[in-house]
Amino acid sequence: MMQKRNLKLVGNAVPRHDAAAKAKGEQLYSDDWTMPNMLYAKVLRSAYPAAILRGVNTKKAKALPGVHAVLTADDVPLNEDITKFGQMRDVGGGFEGLYKVLARGKIRSKSEAIALVAAETEEIAEEALKLIEVDYEVTEGVFDPREALLPGAYVVSSEDSSNEIMRTQVQCGDIEEAFKRCDVIIEDDYQTTPHEHAYIETEGGMGWLDENGVITLRVGVQVLEHYRTVAKIMGLPHTKVRNIGVPMGGGFGGKEDITVETYLALLIAATRRPVKMVWTREESMETHAKRHPEYLHYKTGATKDGKILAQEISIVMDGGSYTYLTPWVQMYSTYGAVGPYNVPNVHVQSVSAFTNNTFSSANRGFGGPQVNFACERQMDRIADALGIDRVELRRRNLMHNGDRLPTGFIPQGHIGVSEIMDKVEAELNKTKKPDRLPDGRKIGRAIAVGHMVYGRLTFMHDSSRVSIRIELDGSVTVRAGVPDLGGGQASVICQIVAEELGLDMEDVHAYIMDTHLTPLCGTTTATRQLYMSGNATLKATAIMKERLLPVASKLLGYPSENLAFGDHSIYLVNNPAIRIPFVTVVGHLSNDGGELETIAQFNAPFTEVPDLSDIKGQLNPDLTYTCHGVEVAVDEETGMYEILRLIAAVDAGKMINKNSCEGQMEGGCLYNAWWPTHEDLQWRNGITKANNFSTYYIPTAADMPDVETIIMESGGGLGPYGAKGVGEPSDNSIAPAVVNAIRDAIGTDMNLNKMPITPEKILAAIKARDSK
Amino acid sequence: MKEFGYKNATTITEALTLLDGQNARVVAGGTNVLPYIRSGKYTDCRLINIRDIKDLNFIKEDSDRITIGACVTISQLKKSKLILEFVPALHQAACVFADPTICNTATVGGNLASASPAADTAPALLVHDAIVFIKSLNSSRSVPLSEFFKAPGTTVLQRNELITHIEISKQKNSGFIKLGMRKSMSISIVTAASSVTLNDAGIISSCKIALGAVAPTPIRAAHTERFLLSKKPDDDTLSALIKATNLDISPIDDIRASADYRREVTPVMVKRAIKLALYEHC
């Protein structure tokens, strides 16, 4: 635990450094940049989810007046590489899949890019797409990963001989023997649907060739380090590609994979003109990765006093058309499948497979929400079978400090899940309504818990660097390659600098996400920026303080260890009246030839790639624990339901920015609340039927109550000031809480295990219940 | 996005002249026209904007009729005291229509002319015996709304014609209800409107039921109306209308719901629409 410290800025609802610009609409996003002479680019996507590409004739398209380039795979210097996600080393072991820039050989899904066009206007570019003649040999395809894994199944790729991406398992104890000692065993199948990120800003950006021959991009992306892949594809040194990142209108994992960067670079090189590409909503939804659909089988055994003895779990994941982050996501699903419970006997097996669906990759929660859904459904059902209160059953099995995960790893951070669950239970019971509303709708309530890691897989050897420079007027510039998705990732770094150096937020200027000018912070993914870059920032400020304190000590005549930073001064701790202005100390340091600039690096714990046939030990730095409480009203004549209360609780360790922390908890809660029931992409044989917001139902403000947040601060995190990450954990336990609340209302489990759980299915369950 | 010709008409005559014999399309609110352009349904034509024509934007009251100009927006319907008092079903339809930004620009004439089976104003107007007044450069005609729709996206309107206004009868006991996947910005799965009159004995003496999104066009539900006539609108009656309602509808499976689900919930929506219409009697 951290020592108590009097913090002035950290923990408060400090306005973010970019809040005013966003509120006034002055923030420029990817599509807001233009340049003289700029061309517009479009991608030709495959007309079929499964086919063999026989040929592409671009002659007519090239001849269209106003068209400046039409590129196919033959025009790409290196068309095939491995997928990288900013990691500082090649991990190997099957974790990096194929990145194919433009289609060649087998077409694996409708999202496959066949050709690129750059033209004077968007209209001409669209017209040119229609003139490209593609010779397809349409093939049957396979759209269900369970079928894809059967012998003799259609093989999705031309590069592999089978559809299997990865197979892995975690085990502990003796599962067979343990089931014999169980009084009740619940066994069932669960299914989760693909899930769309639904960011308001679609993928896009622009770029140009600068005066030094550097391909310069302005693309909003969660992984600035994709510049290395772009350079490799172009056959250029890493130094010749630069991404000046742009603040994003949402990412949620969907902009972790490379998007427009390579396409822009190829077209810029081909035309030597600035080029812009922005995907339409339909293109975005049909093309970018989705949360992995999972097919899960859970067998859970417990004794009659409610002690869970054994869990046997098998998971089949739909990886879609390309590998991308599937193996990494699979690690999270496999490792998180038993939930935050002490289960002595565990066997989790998972396998992922290619299909001709849109590829699956990162989506906020990263393999966590799927297994959490199944696990928390199981918990309610075990409780019901045993006649034990559903919250009480959880209480009897939850992990506490010192307990081991099924891999044998003992989390180092505080395990506060039972404490937050108690708080949610008390809050949910405060407003107990009658079982029915006056309009006849039936009330249901439920609580679900979850655990979700923050920080990347430790075998990726993750690191982050942050630089600070103190100006002669006492203001500070922070340079950090932190992609800002809107979660306040950059602002929190400014807040730490201001806190540590005794300054105000206004004194700290953030210059972020420019691969030529900012130290690389690594990805804004894996709920890692506060943990990684926050710690790097603390390190950098500590270095600067070490330089400033001796100067102040000399000037004030007191030893350094008795001095502290605050109110733009360095002062004597036990007599703050004795002080010297910060700017004066900076002036002296500069005069004495001291360094006013520094860079610091923070490294996460490093481990080696695990044995996939028996994963043991540490996989991530630490975990964050959440609990959600939900109250619903179900219309038993239509199967429609309304969420009346949403309670979102977390042990955040320490809130750095109260607004941002609460904002993440609210946003995460709404992000997955409708995933099980409303957010259905309606995939049909590789076609995305619901490809815009009129048919893919994300909730509107009218559909959701205010989210009530409960934030516990145990101080037990590995981030700065004892903070834990909350970005992804915030969406983890909400989906099962919603479905379990519907179950509580309607009194039957029928149709509630396989998403999408539509009103029609809920109505059918109610009718079946009534006809019994 | 395609490039389109655009002309702003300021009078009905100017609009009709621009429409006559030309490859032109009317645009008022633009909430359907712009998606049509994006999807390629409209190509290479001239858009004639009619939203600035003052003579198309009014809500008027006669002794037993209300007249609504074609360019009255959904927001105007929502705010109108006349509509609230004398056409409650239409008020309720306006309240659940799309979202505030769409309501501020979408027009009642456009909602009808687009002829979506799920057009939210249509069932409400049908139970108020709406008559659609149509003009071309050289002629005028009026068509009952029940004969106005031909098929999804198709009406009796010719390319050179314009809806000028809609006339409806006052009826204080009407109601509208919508079933959609969201409370806002949701295209209907089923809509139901009703207009009901009871005699002194509490028996239904006249009754009109209209339904949306369960047939190729918004429809009047003749079997349901006949079933209800001369009955008391009690729970027994309302629970027994399933059979009649299912004779009225011909729903399909679409991206929003299956035909089976629509068959399950349409009678429920009819029941609720009747209860809404009779709310003050309860």
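A residue is termed buried when its relative accessible area is under 20%, exposed when over 50%, and partly exposed in between, using a 1.4 Å probe and protein chains only. At 0% relative accessibility, A:A302 therefore counts as buried. The structure is a predicted model, in which local features need pLDDT of at least 70 and side-chain atom pairs count only at pLDDT 80 or more, while totals for chains, interfaces and linings use all residues. Residues are numbered from 1 along each chain as its sequence is written, and side-chain values use heavy atoms, with hydrogens and water left out.

A:A302 is found in strand β15 (residues 294-302) of chain A; strands (E, at least two residues) and helices (H or I, at least four) are DSSP runs numbered from the N terminus. Leaving aside neighbours within four places in sequence, A:A302 is in contact with residues including A:C182, A:D183, A:V184 and A:L386, where contact means heavy atoms within 4.5 Å. A:I186 lies 116 residues from A:A302 in sequence, and their C-alpha atoms are 8.8 Å apart.

Chain A also contains an open sheet of 7 strands with mixed pairing, in the order β3-β7-β1-β14-β11-β12-β13; two strands pair if DSSP finds at least two bridges between them. The edge strands, each pairing on one side only, are β3 (67-71) and β13 (241-243) of chain A. Strand β12 (residues 215-219) of chain A pairs with β13(A) in the parallel sense over 3 bridges, and A:L217 stands opposite A:N243. Helix α7 (residues 261-271) of chain A packs on the sheet, and its direction makes about 140° with that of β12(A). Such angles run from 0 to 180 degrees between N-to-C directions, with axes fitted to C-alpha atoms, for helices over the stretch in contact.

Helices also pack on one another. Helix α13 (residues 491-501) of chain A and α14(A) pack at about 30°, with axes 9 Å apart. The two helices are therefore roughly parallel to each other, a term for angles under 35 degrees. Among the residues making the contact are A:I493 and A:V497 of α13(A) and A:G534 and A:L538 of α14(A).

A nonpolar core is a set of buried Ala, Val, Leu, Ile, Met, Phe, Trp, Tyr and Cys residues joined through side-chain atoms within 4.5 Å. The largest has 240 residues, of which A:W328 and A:I643 touch the most other members. Its largest share, 11 residues, comes from helix α14 (residues 529-556) of chain A. Apart from this core lies another, of 39 residues, among them B:I83 and B:I134.

Conventions: Chains lettered and ligands numbered in written order. Parallel < 35°, antiparallel > 145°, perpendicular 65-115°, else oblique.
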